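Here is a quick walk through a few spots in this model. Have a look at the sequence and the fold first, then read on.

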Amino acid sequence: SNRLNEVIFNSNLLGELRSLGFIRNLVQDQEIDIDEYQNGRLHRIAAEDRMQELGVSSKMNASPDFLQFLFKLGHETADRWLATDGKLIGQNSTWHPGLAA
């Protein structure tokens, strides 16, 4: 049941993100009126390489040490992202749905 909820959530989220990417492409290709759509900007901060190292059982790990590890990893990842892409906040997207992460 828990896994099913996760899959459903991810599926819905990915569908919404694909829709945003589709609309973005239509606006860029001037196939729809740009005045009708606000130009949204998407950013993605991810530590997939580190997260893939974790086993499936980590989803159930609520130990303080593990949570502290995730907290630290999140801060380190965000700091790296801000250093490389932070200047684009409010200017351009740094992530485009449908393109490689």
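A polar contact here is a pair of N or O atoms within 3.5 Å; within protein, one must be able to donate a hydrogen and the other to accept it, and residues adjacent in sequence count only if both atoms are side-chain atoms. With that in hand, take S93: a polar atom of its side chain lies 2.9 Å from the backbone nitrogen of L42.

Before going further, a word on the ground rules. This is a predicted model, in which local features need pLDDT of at least 70 and side-chain atom pairs count only at pLDDT 80 or more, while totals for chains, interfaces and linings use all residues. Residues are numbered from 1 along each chain as its sequence is written, and side-chain values use heavy atoms, with hydrogens and water left out.

Back to S93. This residue sits in the segment after helix 3 (64-85); helices (H or I, at least four residues) are DSSP runs, numbered from the N terminus. Is S93 buried or exposed? S93 counts as buried because its relative accessibility is 14%; the cut-offs are under 20% relative accessible area for buried, over 50% for exposed, and partly exposed in between (1.4 Å probe, protein chains only). Which residues does S93 touch, leaving aside its neighbours within four places in sequence? They are G40, R41, L42 and H43, where contact means heavy atoms within 4.5 Å.

L20 and G40 are 20 residues apart in sequence, and their C-alpha atoms are 8.6 Å apart in space. At 45% relative accessibility, L20 is partly exposed.

Now for the charged pairs. Side chains of opposite charge can pair when their charged atoms come close. A salt bridge is taken as a side-chain nitrogen of Lys or Arg within 4 Å of a carboxyl oxygen of Asp or Glu, and by this rule the count is three.

| Salt bridge | Closest N and O atoms |
|---|---|
| R44 and E48 | 2.1 Å |
| R50 and E53 | 3.5 Å |
| E76 and K72 | 3.7 Å |

R50 is partly exposed at 31%, whereas E53, at 57%, counts as exposed. E76 is partly exposed, with a relative accessible area of 32%. E76 and K72 both lie in helix 3, four residues apart, which is about one turn of the helix.

Technical notes:
Helix = DSSP H or I, 4+ residues; strand = E, 2+ residues; numbered from the N terminus.
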